[in-house]
Amino acid sequence: MAIYDTTLGMQANLLFSQTAIHQAYGGVVPELASRYHLEKIQGVLNDALTKAQVTLDDIDVIGITNRPGLPGALLVGVCFGKTIAWAKNKRIIGIDHLEGHAFSANIDNNIPFPFLCITASGGHTSLYLVHDFGVYETIGSTLDDAAGEAFDKIAKLVNLGYPGGPVVEKLAASQEFVDFFKYPRTHGQTLDFSFSGLKTAVLYDLVKRGAYDMPTKTYLGNDDPDLKAKIASSLLVCIKDIFEQKLALALKKHPEARAISFVGGVSCNKYLRKALGEFSARRGMQFFVPAPQYCTDNAGMIAYVAHYKAQQGLFDDIDLDLVR
Ligand code: KG4
Ligand code: ZN
């Protein structure tokens, strides 16, 4: 839940994290996600109002994520937002979760348009050419798994827990980001990504090293105590190379781009932030990332999009629904 003031900026950006709840299951359980949304949403709203030192009467517009995502969880937010709007006579705007990510680096930065945005999260990996607030073109997206999903699935393969990204980053740092295993990079002259082959490559490499039993789907390890850390390190370098290759191609195809932004849950990763920052600097491009609280899923980025859509007069009616 977030509160954005057009004059003063972000006044509250609160999150009830469900990570610990879903960790036990190795991934998000949709039914549990909806139940906790329902249980927590009113309390988090109260906390956000307190933090921002306002009341509901001070709020003009309610931005509500209505696409894409787990329908049960989205439905809780849509019903809650619409109920307040109806009871308190507020305007509402349905917001695309991915538009939230795409403009999350704009919250604290003045990014020149047009800019290239690489969004990497658990559900999506996309390249956008962003022309203006709310005006952006998808110039590439993943054909299968998302980058964050690759971290999560490969981490699961070797029993590193959920979510995979942060633990992979920590282990990779312990190996100084050396590319031990040289997993295949998906090249090609399109701006689309593909990460499912990477998981298969890691799996076959583990089998070859006698570290994984296919019939029982069990990670066995081998006599190298650093095997997991070396996998993590090689994986991170591989994903960095894939991002850089796609960005280089995007810059070639869209020389009008004036800056690069890197957003989404994966953009928390300090190694990738630094590497892509250096990549941009080598090309004389300005580089932007969101503050950490705006990288992984957050309401702040949704409130931010709602604020500029409200300024553009793009309101929705009270029959707002989920978009599939
Ligand atoms: O944007 P996000 O919070 O949720 C979705 O919209 O999917 O992204 C979550 C993803 C997860 O796959 C997680 O493993 C990844 O972001 N992630 C990271 C890091 N922190 C979170 N990936 C790499 N390095 C990190 N430090
Ligand atoms: Zn997200």
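Asn-159 counts as exposed, at 52% relative accessibility; exposed means over 50% relative accessible area, with a 1.4 Å probe and protein chains only. Asn-159 is not a glycine, although its phi is positive, about 55°. Its place is the loop between α5 and α6, helices here being DSSP runs of H or I with at least four residues, and strands runs of E with at least two, numbered from the N terminus.

Colleagues, this is a predicted model, in which local features need pLDDT of at least 70 and side-chain atom pairs 80 or more, while totals for chains, interfaces and linings use all residues. Residues are numbered from 1 along each chain as its sequence is written, chains are lettered from A and ligands numbered from 1 in the order written, and side-chain values use heavy atoms, without hydrogens and water.

The loop between α5 and α6 also holds Pro-163, and the peptide bond from Tyr-162 to Pro-163 is cis, with omega near -10°.

I turn now to the ligand. Of the 19 residues around ligand 1, those that come nearest include Gly-122 and Asp-152; a residue is near if one of its heavy atoms lies within 4 Å. A side-chain N or O atom of Asp-152 is 2.7 Å from an oxygen atom of ligand 1, and a backbone N or O atom of Gly-165 is 3.0 Å from an oxygen atom of ligand 1. The helix α6 (164-174) is among those that each supply at least two residues of the shell, and α6 gives the largest share, 4 residues.

How values were computed:
A polar contact is a pair of N or O atoms within 3.5 Å; within protein, one must be able to donate a hydrogen and the other to accept it, and residues adjacent in sequence count only if both atoms are side-chain atoms. Buried means under 20% relative accessible area, exposed over 50%, partly exposed in between (1.4 Å probe, protein chains only).
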